[in-house]
Structure formats: C-alpha cells, structure tokens
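Work through the exercises below with the coordinates open. Try each task before reading its solution.

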Amino acid sequence: MHPDTTATLHGERLDLVPLRPEHAEEMAAALADPALHAFTGGAPDGADALRTRYARLAAGSPDPAETWGNWALRLRADGRLAGYVQATVRGDGAELAWVVGTPWQGRGLAAEAARTLLAHLTAAGITTVTAHIHPDHHASAAVARALGLTPTAEQQDGETRWQARVGPAA
C-alpha cells in the first residue's frame, strides 16, 4: 500500500498540505510552546532545525517498503499553519501521529485532521492503524478513541500502543 503523500487533503475546517521545508518558519512559531513536549521530552525546534527535518521527511523513507506521509494543518479560516499529522506506512498498516499547536488546541482540530488522514489511508487500502500515546496524554487518547483505536497492553518507550482495524474488512 502506498498512499499518495503528495496530495492535499481536505477536512471540514482544515487543508492538510504536504509538509515542505518552506513551512519551517511558520511551523516553528506554531509549535514554539514547550508544553507540546511535556509527554515526548525535548524542546521546540527552531526554523533551521525544522527546515532540515522537513527536507529529510519530504525526501521520503530510505526503506522502499516504508512510505512517510507528513502534512501541515492549514486553517481555512485564516490560512495559518496550526500543526501537523503524519503516517508511516508499511504494508497494509500505518502508524499515525498528530500535533496541534497550543493556541489551537481544544477545538477538535487534531481529531479532524487525523480523521481526514485516516480516510485517505483507508481509501488507499490501509487496514490497520496504530498510534503510540503517553498514558497521561488524555487529549491524544481522546483523538485515538475518536478514530476507533483502542489501547493495547503493549508499551514502547513509556507509551501505550493503540490500534484499530479499519476499512471494509474492519
């Protein structure tokens, strides 16, 4: 399964645009709150570090069996970038992740973006989705539940693996 990672995806209030190095400056501002790293550790990256990372992501996975999809969340109301979603696809499975900047949290944007991405992946034949979420990150757990994922007993790096079967066979 290789979903189109160059497509712009459309939610109700968001456009998911393929993440590119030229988004680095605006994304550095959108993701500047250190609170975004409360569960993952580290600190916010500046524009130069993001530009380098986004160039690497845009180049795609070095493993031909794996596809990386990364999209910036552009709010239609004002055109601003508010976060990102990503999918790492291997076979008929995808691991999802989402981050929304603190100024835009609490509005359902992460769930909308993740649902939009999940619909795109399901249309491409993905049948299993996973996410790794810190046990105390209740907002991310709510997004996972909204997607139909349920927690498993599996732990990795202090995070719980959430999983769901999706698509027509689910």
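Predicted model: local features only at pLDDT ≥ 70, side-chain atom pairs only at ≥ 80, totals over all residues.

**Exercise 1.** Which residues of α2 are buried, and which exposed residues does the face turned away from them carry?

*Solution.* Start with the buried set: A47, L50, Y54 and L57. They cover an arc of only 85 degrees around the axis, so they sit on the same side of α2. Next, find their partners: the buried residues of α2 pack against α1 (24-30) and β3 (66-75). Now turn to the face pointing away from the buried side. It carries the exposed residues D48, T52 and A59. Finally, step just past α2: G60 has a positive phi of about 90 degrees.

**Exercise 2.** Which members of the largest nonpolar core touch the most other members, and which element supplies the largest share?

*Solution.* The core holds 37 residues. L16, L96, W98, L117 and V129 touch the most other members. Then sort by element: β2, β4, β5, β6 and β8 are among those that each supply at least two residues. The largest share, eight residues, comes from α3.

Take W98 as a test case. Skip its neighbours within four places in sequence. Its contacts then include Y84, A114, I133 and L147. Last, look for a separate core.

Methods
Residues numbered from 1 in each chain as written. Heavy atoms only, no water. Buried < 20%, exposed > 50% of the residue type's maximum accessible area, 1.4 Å probe, protein only. Helix = DSSP H or I, 4+ residues; strand = E, 2+ residues; numbered from the N terminus. Arc of directions from axis to C-beta. Contact = heavy atoms within 4.5 Å. Core = buried A, V, L, I, M, F, W, Y, C linked by side-chain atoms within 4.5 Å.
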